[in-house]
Every structure is written in structure tokens, then in C-alpha cells.
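Please examine the sequence and the structure before reading each solution.

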Amino acid sequence: ESLNYSHGSLSAFRPIRVTNFDTNQPLDYITALDITRNKKVFYQILIKFLNQQLEEGMKNISDALDSANFKKYKEHVHTIKGSSGYTGAGRIHFDCYFIQESWAKKEYEEMRSRYNRLVEDVIEFYHFVLDYLASNESDRHYYSEFPVTPFDPNRLTIANGYTIYSLKVHNEHKMPLLPTCEGIQFLCLIAGQTAEERVQQRSSEEVRPDHLEDLDLYSKPIQGNQGSSKLKKGDAEAEDKPEVKETEEKP
């Protein structure tokens, strides 16, 4: 299997494709809408991602980690990266990028160490988007027909040996650089790890790739059921694309 890597000493290999999302918030609505070009389609994809794809994908990832099957881990991460590329989940998108990059460099323990942040950013994304949908009066008519499943962090399947640990921003454990939502901070801790140790680890992790201009940026708009244009044979592998019907956007 050809390795995928984007820059540096492995530049001869096929690049890992990414979308240049703004990661200042969990959801980059502007870039995602620029890709889908249709608000109703965007919300249909976003809600399917919330209701089904994320939960299923994270279960598949946890199963792969439990069996130390890093190839399967990479494949399931690739699927989530593809879907997140259409929903504006920029932090999740780049978490998946770094896991794929570690696979390319055969750094399997690094793949495992990036799992904590992926779990944290997935939980953060759920909470952020549910709040966004609940408060977005101006766009509600675009997604009112799509039911949203309430999220419970305890329902999220995580790999053996990991736990979800929550903190309130203003308690005695107040720390910056944690994913936050409504004053709640979520950490994914491996067995024996303290919250303080996880915060220190997290503060040293990259949030987005350096030199994005050198990567194979992927930001073409969806084209109906076919998704974006397929790559030519020999180019970087195409991302998994959601199957959606193109609908005419109402003014």
C-alpha cells in the first residue's frame, strides 16, 4: 500500500488531502457552505454526520484501537475526515489528518496518542453544533424537517482504557487550551493519566498542519449525488463523500 504524506522527506508519496478550515470554532460554517453551495444540502449532511456517521465512525475507531489494528484505525479515520470535510468540522478534520500522517510515517504510537484529542473534539463538536442549531432562527426552515438526536457523551463508544473527564471552567481545575462548551470542558484520559497531564500533553499538540499551502487542498463544491469530481488515477485518494440529493435552495 502506498503511503500518504503531504510534505517534507516523504513528499514523493501521495499527499493527504485536506480542506483549509478555520479552527477558531468547532464549526466552520462559511467554508462548508462554500463547498456545498446549498444551505439545505449543508444542513442535511451536517445532521446526518451528527446523528449517524460520527457515532458509528467513533465506534469503528475504538474497535480498531482495541484490537491494535492500526490499518483499520487509519481507514475509519479517513472516512470521518472525508465527512468532516463537508460539514465544516475543521478540528475533527485536522485531527484525522494528523492520524493519517502518523500512519504514513509508521508512527503507530503517535496515532494512538492523537486519539485523545479526536474524542475531545468530537464531543465539543456535538455540543457546539446542537447549540448552534437550537439558536439559529434565521436558517431553521432549512433543517426543521431533519430530526436531530440529542447527544449524550456517555453514549459515545471509546476505546478500552480511556475515560471521559469533564471540568467546569471556573472550578479549581480551571485550565486554558481545553475544548469548551457552555462552561464545560471535556478531556479524554488514558488509564493512569491525570487531567493536568492531559492538559500539558494537549498544549503541545498541533491543531492544524503547518504550511497548508503545500498540501493538496480539497475545497471543490458538491456535484449532486456524485459529490465532488473524482481524481484522476494516480492522484491522491478521493475522500469519502456523503450521498445527497441536490435541491434548489429557496430564497
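**Exercise 1.** How many residues has the largest nonpolar core, and which of them have the most contacts inside it?

*Solution.* The model is a predicted one. Its largest nonpolar core has 44 residues. Those with the most contacts inside this core are M58, I61, Y73, I92, Y115 and F125. The elements giving two or more residues to the core include α1 (29-36), α2 (39-66), α6 (115-135) and β4 (184-190). The most is given by α2, with eleven residues. Apart from this core lies another, of six residues, including I16, F21, F94 and Y97.

**Exercise 2.** State which residues Y115 touches, not counting those up to four places away in sequence.

*Solution.* Under that condition, Y115 touches M58, I61, S62, L65, Y73, T157, I158, A159 and Y162.

**Exercise 3.** Classify the ring pair of Y97 and F98 and that of Y126 and F151 as stacked or edge-to-face.

*Solution.* A pair of aromatic rings is described by the distance of the centres and the angle of the planes.

1. For Y97 and F98, the centres are 5.3 Å apart. The planes stand at 75 degrees, so this pair is edge-to-face, the cut-off being over 60. Both Y97 and F98 are buried.
2. For Y126 and F151, the centres lie 3.8 Å apart and the planes are at 5 degrees, so this pair is stacked. The pair links distant parts of the chain, with Y126 in helix α6 and F151 in the loop between α7 and β2 (162-168), 25 residues apart.
3. Y126 counts as buried because its relative accessibility is 2%, and F151 is buried at 13%.

Methods. Residues are numbered from 1 along each chain as its sequence is written. This is a predicted model: local features need pLDDT of at least 70, side-chain atom pairs count only at pLDDT 80 or more; totals for chains, interfaces and linings use all residues. Side-chain values use heavy atoms; hydrogens and water are left out. A nonpolar core is a set of buried Ala, Val, Leu, Ile, Met, Phe, Trp, Tyr and Cys residues joined through side-chain atoms within 4.5 Å. Buried means under 20% relative accessible area, exposed over 50%, partly exposed in between (1.4 Å probe, protein chains only). Helices (H or I, at least four residues) and strands (E, at least two) are DSSP runs, numbered from the N terminus. Contact means heavy atoms within 4.5 Å. Rings of Phe, Tyr and Trp (its six-membered ring) pair if their centres lie within 6.5 Å; planes under 30 degrees apart count as stacked, over 60 as edge-to-face and the rest as tilted.
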